[in-house]
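Biologist: Could we go through this model together? I would like to begin with helix packing and then turn to other parts.

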Amino acid sequence: MSLQESSDRYPFREIEATWQKVWEDTKAFKVAADPARPKFYCLEMFPYPSGRIHMGHVRNYAIGDVVARYKTVRGFNVLHPMGWDAFGLPAENSAIEHGVHPAVWTYENIEYMRAQLKKMGCSYDWDRELATCDPEYYKWEQQIFVRMFERGLAYRKRSTVNWCPSCQTVLANEQVEAGRCWRCEAEVVPKDVEGWFFKITEYAEELLAWCDRLPGWPERVLTMQRNWIGKSEGAEFVLPVVGRPSVAIRVFTTRPDTSFGMTYAVLAPEHPLVDRLITDEQERAAVQAFSAEVARQSEIERLAADRPKRGLRLRARGLNPFTEGEIPLFLADYVLMGYGTGAIMAVPGEDQRDWDFAEEHSLPIIPTVERPPGWVGEAYTGDGIKINSGFLNGLTIAEAKKKAIEWLAAKGIGESRVHYRLRDWGISRQRYWGAPIPIVYCDRCGMLPEREERLPVILPRDVQLRGKGGSPLADVVSFVNTTCPRCGGKGRRETDTMDTFVESSWYFLRYCCPTYARGMLDPAAVGYWMPVDQYIGGIEHAVLHLLYSRFYTKVLRDLGLAKLDEPFVNLLTQGMVIKDGAKMSKSKGNVVDPDDLIRAFGADTVRLFSLFAAPPEKDLDWNDRGVEGASRFLNRVWRLVTAHLEELKGVNARPAIGEFSAEGRSFRRTVHETIKRVTDDVEDEFHFNTAISAIMELVNALYAFEPASQDTMSREERGALLREAVETLILLLGPFAPHLAEELWARLGHTQRVFRQPWPQPDPRALAREEVLIVVQVDGKVRSRLTVEAGAGEERIRDQALADRRVQDWLERRKVERVVVVPGRLVNIVTAAK
């Protein structure tokens with residue numbers, strides 16, 4: 001299908017609307033499993049339906065669409081789905097503020113954002129669309145919750161949580177930024193609540209081990225995950241408290257070999273023994289004030305290496321069991337109750353954090369490892385022989401660690417231990433707009449999971465949202481009151497809902513079989529499509545979503561529902577969109593509306609700019625002139641092709657390679673070098689910006705070729721070369737500007753759409769050069785350049801370099817000692833004074 005307008009300017013509004021309708025009417029991107037074809041699963045992180053897509057979305061989805069379209073024309077059976085991460089607090093807050101039910105708000109936003117994505121020309125299989133707030137979706141995660149509960153992987157306990165008083169809900173540690181809520185920026189406070197947890201710590205070792213088996217992931221993300229899991233191997237032992245025989249502090253250390261250098265010990269302010277260590281009311285008041293101040297910090301802030309460590313000295317004293325000497329006890333913000341035992345021994349001689357703290361509090365520093373000569377002024381963390389360490393003296397660090405643990409075990413006061421920084425995943429949220437937790441409380445039978453045949457536990461619509469503490473579901477009598485799944489008596493439903501990260505931890509699996517009704521996952525479909533071959537999203541999800549998805553996938557594997565260990569083979573974390581020096585956001589007033597840009601310039605222009613302005617993994621600095629430049633380029637392409645349509649339509653074949661003129665061979669080499677450059681940039685590194693730059697250079701070459709070729713070659717040769725170059729241009733541009741490519745391809749007379757064509761391949765004969773440029777260096781500095789016949793031998797290149805007049809000027813008073821020839825690249829002449 002082709003529009004017939006003739007205009008110097010690309011009529012993007014009509015053309016984009018036309019091709020979007022064609023794609024939708026023909027279900028152009030609908031896909032089914034085909035074991036006879038290689039599959040490629042391309043996925044961008046699905047959006048929260050907040051109401052409008054922003055430029056960050058545009059960039060993310062444009063990257064994914066280029067990959068999906070490129071893999072399609074490379075012969076892959078491409079799955080490229082889209083859906084909605086539809087539960088979440090903003091819908092609930094909007095309902096409170098504007099009186100609109102969260103379901104109405106959410107589905108209206110989905111309708112609007114779906115239309116926006118279609119206007120972008122993304123190649124999604126919309127038949128696979130899903131929304132996580134649909135009971136037909138979340139009933140399956142309720143089923144998994146039940147099975148996890150039965151296996152001890154889901155449990156309930158009381159714990160201190162991060163509480164946002166504004167959002168009235170629990171926050172994960174990662175959702176606390178600088179002591180404030182990541183969404184509303186209210187100050188976060190600690191609060192003791194009953195809540196539900198997933199036992200992710202059960203998988204800590206496997207999650208850590210697989211970080212070394214994901215070569216397609218950015219090392220930065222893997223490092224963040226390794227650090228969050230935080231495996232530490234060492235010893236745990238009892239530290240007595242002087243004069244308090246009934247009180248003993250269990251401390252954990254990764255360096256038991258340094259125990260003779262322990263000059264103080266530190267407890268987390270929230271440690272349960274702190275209250276028993278306090279001597280009087282004055283000290284109690286100081287401890288409470290210090291603890292309250294620390295509680296306002298996030299864990300990430302408390303552990304940050306680049307901030308001062310704050311501490312409070314207690315009056316109680318500990319006893320170092322290795323030296324039997326008394327040591328002071330401190331509370332400090334850098335020790336966490338959830339890691340290890342919540343108490344550490346401090347060895348400032350071999351730990352820089354302890355060194356800094358000891359210097360600040362005038363505490364002794366005892367080195368326990370022999371230093372290299374000249375070492376002064378800081379802790380030593382390298383290898384060496386033990387000193388000042390009693391029975392460990394003279395041993396290596398490894399030997400001393402082993403012997404120290406053996407000594408602790410023999411004394412009955414300690415043993416070896418492995419600890420992880422990773423905590424179990426708290427999934428309880430005291431809010432309405434989330435998936436109900438399928439638990440029933442019965443006075444006779446206790447706490448029970450709902451029977452699977454009674455799932456889903458549907459979130460009721462008749463709820464009064466008040467914005468107060470606690471879940472509003474507790475006020476919905478028809479929801480709370482139920483029957484016990486065991487005895488049939490009166491029961492009460494759990495009123496907490498699940499963290500929305502539960503929904504996003506398996507949506508990529510459901511895309512494989514969105515309408516499958518006999519279970520959560522269709523084994524055949526999941527077996528064909530999974531794992532995701534390319535996952536694309538923001539670096540901000542490095543710990544939360546990506547780690548939870550890896551965990552949930554392993555749980556489903558162990559439940560027999562999926563036969564894979566990891567969900568994502570390759571991961572691309574795209575940079576942010578920056579304007580006026582800051583990330584685009586409504587609060588900063590620097591948002592650029594994609595709808596306005598699409599109306600003014602067209603979707604292809606917006607896509608092209610977002611891909612050309614920076615490599616995908618780097619931040620993109622917004623530039624209005626860059627958008628205008630992308631528009632000018634597409635208009636150049638439009639004018640170039642439409643101006644030669646009549647000439648090109650009559651050309652069907654290319655003459656044999658030997659029949660090209662010298663000028664023709666040179667131009668054809670440019671075309672095929674462009675194919676190779678674009679292919680390499682897209683295939684290997686996702687360097688879309690340099691791929692587009694190569695296409696722009698080809699357009700420049702085409703504009704230069706058009707007048708130059710009229711007098712230097714036959715009409716047949718010119719037509720054949722022009723046809724090949726224009727078709728190549730359209731095919732290479734297709735993934736980046738699909739509407740323009742479809743239209744121009746059709747106008748050339750093709751009946752099959754452009755994305756049914758194979759990707760162009762570089763012709764080795766066209767790439768062969770008859771002459772090559774050789775750089776000539778004298779003593780490593782460039783002094784001349786030679787044009788030599790391709791394939792010339794080293795001796796001939798050497799002789800030509802030495803005979804070059806500019807080179808001879810540099811050799812006049814020098815003696816040539818040797819000549820190094822790198823064929824096809826350079827000659828380096830090494831000289832000495834005569």
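Biologist: At what angle do helix α5 and helix α17 pack?
Modeller: In this predicted model, helix α5 (residues 135-150) and helix α17 (residues 544-558) pack at an angle of about 70°. Their axes are 11 Å apart.

Biologist: Are they roughly parallel or roughly perpendicular to each other?
Modeller: Angles of 65 to 115 degrees count as roughly perpendicular, and α5 and α17 are therefore roughly perpendicular to each other.

Biologist: Which residues meet there?
Modeller: From α5, the residues are E141, I144 and M148. They meet F551, Y552, V555 and L556 in α17.

Biologist: And by class, how many are nonpolar, polar or charged?
Modeller: The contact of α5 with α17 has six nonpolar residues and one charged residue, with no polar ones.

Biologist: Turning to the sheet, in what order do the three strands come?
Modeller: The order is β9-β8-β14, in an open sheet with antiparallel pairing. The edge strands, β9 (248-253) and β14 (414-420), each pair on one side only. From one strand to the next, the twist averages 35°.

Biologist: How many bridges join β8 to β14?
Modeller: Seven bridges join β14 to strand β8 (residues 231-240), and the two run antiparallel. As for individual positions, S232 stands opposite H419 in β14.

Biologist: A last topic: why is helix α19 described as largely enclosed?
Modeller: Nine of the 10 residues of α19 (residues 603-612) are buried, so this helix is largely enclosed by the rest of the structure.

Biologist: Which residues of α19 are buried?
Modeller: The buried residues of α19 are A603, D604, T605, V606, R607, L608, F609, S610 and L611.

Definitions and conventions. Residues are numbered from 1 along each chain as its sequence is written. This is a predicted model: local features need pLDDT of at least 70, side-chain atom pairs count only at pLDDT 80 or more; totals for chains, interfaces and linings use all residues. Side-chain values use heavy atoms; hydrogens and water are left out. Two strands pair if DSSP finds at least two bridges between them. Helices (H or I, at least four residues) and strands (E, at least two) are DSSP runs, numbered from the N terminus. Axes are lines fitted to C-alpha atoms, for helices over the stretch in contact, and angles run from 0 to 180 degrees between N-to-C directions. Buried means under 20% relative accessible area, exposed over 50%, partly exposed in between (1.4 Å probe, protein chains only). Angles under 35 degrees count as roughly parallel, over 145 as roughly antiparallel, 65 to 115 as roughly perpendicular and the rest as oblique. Contact means heavy atoms within 4.5 Å. Ala, Val, Leu, Ile, Met, Phe, Trp, Tyr, Cys and Pro count as nonpolar, Asp, Glu, Lys and Arg as charged, and the others, Gly among them, as polar.
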